[in-house]
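I opened my notebook today to look around inside a protein, one spot at a time. Come along and keep the structure in view while you read.

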Amino acid sequence: MKILFLIVNLVIYLSLFKFRNFIASFLSLKIKPSKNSFHKSDSYLLGGILLIPSFFLTTIYLNYFLDSNLYFNFSIIFLFFILALIDDIFDLKPFIKIFFCMLILLVIINFDTSITLPYLNSYYFGLLNFTDNIFIIYFFPILCILLLVNAFNFIDGINGLASLIGLSYFIFVCLKNNHLIEYTFLLIPFLIIFIFINLKYCIFLGDSGNFLISIILSIFLLKENYYNPLNYFAEEIFLFLLIPGVDMFRLFIVRIKNKKNPFKGDLNHLHHLLFYKFKLVKTLIIFLCLVNFPIYLFYFFPKYLTIILIATFITYSFLVYKLSGNTNKVKKI
């Protein structure tokens, strides 16, 4: 049965790819290169549109053939995708996006208690019980989702980076919890295919793709924490998001200090700094290592968390300090 779903997904995927120019033109998702652009040709914000069939087909497979859809919340994931697609088309203001994200989460979290946070497992403090704390149970998960979605969106600045980071996140959660393979048997293969066409054909994730990947990961982590609170340590999730989160925080501070809109994009992200110095392939390798090494080091050597944190912060700070002088050297991919 999985083979049939893979074939159907592949046919849909290839059809959407074949008509990419028509779809991008019809939905105003085609971007002309600007003078500060990394790309010399037109690009297409079709990542979410290419990946959403995998989500739909996986949902059908789980509901009708496994009778199990515990780790998806169709409403949140689909509404986040639609909101992000609208943003790709109309370029919504950041505060409008955040407002509607919060509204979606506030409404749906009341109907799906499995994305609340009654427990949190810590390596150092054990299983923490928050059943009497309404703020942590309901509002802290919303804050975590918003931070993950925005941090993930911040790393989408050069070809292949966000999709490779998303792929590495999916692989990690599947290694930790083998039952999640059933939920990603379409998402992972077609994300890998997307990475190839992203690098070759200038088809980007866009907000729709970024939101889709990050909200699915958020739901996975929250539901896994709800149903199996001992499977994850809070420290693992923190390390997972450490580099994207720190880079987002640094950019917010720098932009506010320079009296700029903290939500307005620029070319001062760590991945941009790396790209100016090392170009694409080395940048992807360095960034992937910087994001993934801390979590895997903690996985094998949890008692060295403090050393891992210090080493990661020093490495990040050193790279930013050494590379910050290259921001004016914008190159073409």
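**Entry 1: a pocket.** I began with the second largest pocket, which has 31 lining residues, and Leu143, Cys144, Leu147, Leu148 and Leu241 are the ones nearest its centre. I noted what the word means: on a 1 Å grid over the protein atoms alone, a pocket is an open set of points with protein on both sides within 12 Å along at least five of seven lines, and lining residues have an atom within 4 Å of a point. Its volume is about 900 Å³; a volume is the space filled by probe spheres set on the points, which are joined across faces, edges and corners.

Before going on, I wrote down that this is a predicted model, where local features need pLDDT of at least 70 and side-chain atom pairs count only at pLDDT 80 or more, while totals for chains, interfaces and linings use all residues. I also wrote that residues are numbered from 1 along each chain as its sequence is written, and that side-chain values use heavy atoms, with hydrogens and water left out.

Which helix gives the most to the lining of the second largest pocket? I found helix 6 (134–154), with 9 residues. Strand 3 (119–122), helix 10, helix 11 (234–240) and helix 12 (242–257) each supply at least two as well. Helices here are DSSP runs of H or I with at least four residues, strands are runs of E with at least two, and both are numbered from the N terminus. I sorted the lining by class and got 26 nonpolar, 5 polar and no charged residues. For this sorting, Ala, Val, Leu, Ile, Met, Phe, Trp, Tyr, Cys and Pro count as nonpolar, Asp, Glu, Lys and Arg as charged, and the others, Gly among them, as polar.

Entry 2: Next I looked for cavities, meaning sets of grid points where a 1.4 Å probe fits but cannot get out. The whole structure has 2 of them at 30 Å³ or more.

- The largest cavity has a volume of about 60 Å³, and I listed Leu51, Phe170, Leu187, Leu191, Leu212, Ile213 and Ile216 around it. Helix 10 gives the most to this lining, 3 residues. By class I counted 7 nonpolar, no polar and no charged.
- The second largest cavity holds about 50 Å³. Its lining is Leu148, Tyr169, Leu217, Leu221, Phe240 and Leu241, which divide into 6 nonpolar, no polar and no charged.

**Entry 3: the core.** How many residues are in the largest nonpolar core? I read off 104, and Phe72, Phe80, Ile216, Phe220, Leu270 and Phe287 have the most contacts inside it. Helix 13 (residues 270–300) brings the largest share, 12 residues. Such a core is a set of buried Ala, Val, Leu, Ile, Met, Phe, Trp, Tyr and Cys residues joined through side-chain atoms within 4.5 Å. In soluble globular proteins, nonpolar side chains tend to be buried together.

I picked out Phe220 and set aside its neighbours within four places in sequence; its contacts (heavy atoms within 4.5 Å) are Tyr71, Phe72, Phe170, Val173, Leu180, Tyr183 and Thr184.

**Entry 4: two single residues.** Is Asn225 buried or exposed? Asn225 counts as buried because its relative accessibility is 7%; the cut-offs are under 20% relative accessible area for buried, over 50% for exposed and partly exposed in between (1.4 Å probe, protein chains only). I placed Asn225 in helix 10 (residues 206–227). Beyond its neighbours within four places, Asn225 touches Leu117, Tyr119, Leu120 and Asn121.

Glu182 sits in helix 8 and, at 26% relative accessibility, counts as partly exposed. Lys2 is 180 residues from Glu182 in sequence, yet their C-alpha atoms are 9.6 Å apart in space.

**Entry 5: helix 12.** After helix 12 comes Lys259, with a positive phi near 60°.
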